[in-house]
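User: I'd like to go through this structure with you. Could you put it up first?

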Amino acid sequence: ATTGSTEGFVSSGAWSARSWVFECSSSESAQTATTALIAYYRNNGFTTVSAPPAPAGATAVLRDQPGDARLHAEYVSDATVVMVEVSGTTVADAQTGLSTIYKAVSPRLPSTFAVA
C-alpha cells in the first residue's frame, strides 16, 4: 500500500466495526493484497460466507466463536482496497453491522461500490 486510512465505528447495540481504505501502486497489487488478506483469514479459522449487501466482487469471511462472531469483507476498486471488519456477539449481529456500515458509507467508497 502507498497510502491509507482507518475509520472506527461503534454501534450502541451488539456489534462494532472498523474499516480501512488503502491505495496500492496498481490494480494488480491491490488484487494481490486482497487475495493475501483473504488467505490469511482462511488460514486463521475464517470461512467464506455470503454477506449481502456487498459491493460487486467483494469477498467475505467469517469466524464464529461463542460470543464473538467476526466478519471481514474486502473488495478492490482499481488500485484501492476497501476492508471492513465487524464483530458481533452472534453471526446475525455481525451481518447486521456489515449491512449497516455498507449502507452508511457507500456514498464515500470508491465508485465501483454498489449496494445490493
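User: Which residues of β6 are buried on one side and which on the other?

Analyst: This is a predicted model, in which local features need pLDDT of at least 70 and side-chain atom pairs count only at pLDDT 80 or more, while totals for chains, interfaces and linings use all residues. Residues are numbered from 1 along each chain as its sequence is written, and side-chain values use heavy atoms, with hydrogens and water left out. On one side of β6 the buried residues are Thr80, Val82, Val84, Val86 and Gly88, and on the other they are Val81, Met83, Glu85 and Ser87. Buried here means under 20% relative accessible area, exposed over 50%, and partly exposed in between, with a 1.4 Å probe and protein chains only.

User: Why call the strand largely enclosed?

Analyst: Because 9 of the 9 residues of β6, which spans residues 80–88, are buried, the strand is largely enclosed by the rest of the structure. Strands (E, at least two residues) and helices (H or I, at least four) are DSSP runs, numbered from the N terminus.

User: What pairs with it, then?

Analyst: Strand β2, residues 15–23, pairs with β6 in the antiparallel sense over 9 bridges, and β5, residues 68–77, also pairs with β6 in the antiparallel sense over 9 bridges; two strands count as paired if DSSP finds at least two bridges between them. Glu85 of β6 has Arg18 standing opposite and is also the bridge partner of His72.

User: Where does a positive phi turn up in the hairpin of β5 and β6?

Analyst: Asp78 takes a positive phi near 60° in that hairpin, which has 2 residues between the strands.

User: Switching topic, how many aromatic pairs are there in the whole structure?

Analyst: The search finds 2, where rings of Phe, Tyr and Trp (its six-membered ring) pair if their centres lie within 6.5 Å, and planes under 30 degrees apart count as stacked, over 60 as edge-to-face and the rest as tilted. Tyr40 and Tyr41 form an edge-to-face pair, with 5.8 Å centre to centre and 65° between the planes. The ring centres of Tyr41 and Phe46 are 5.3 Å apart with their planes at 50°, so that pair is tilted.

User: Are Tyr41 and Phe46 buried or exposed?

Analyst: Both are buried, and Tyr41 has a relative accessible area of 7%.

User: And what is the overall pattern along the chain?

Analyst: The protein chain reads β-β-α-β-β-β-β-α along the sequence, which comes to 2 helices and 6 strands. Of its 116 residues, 41% are buried.
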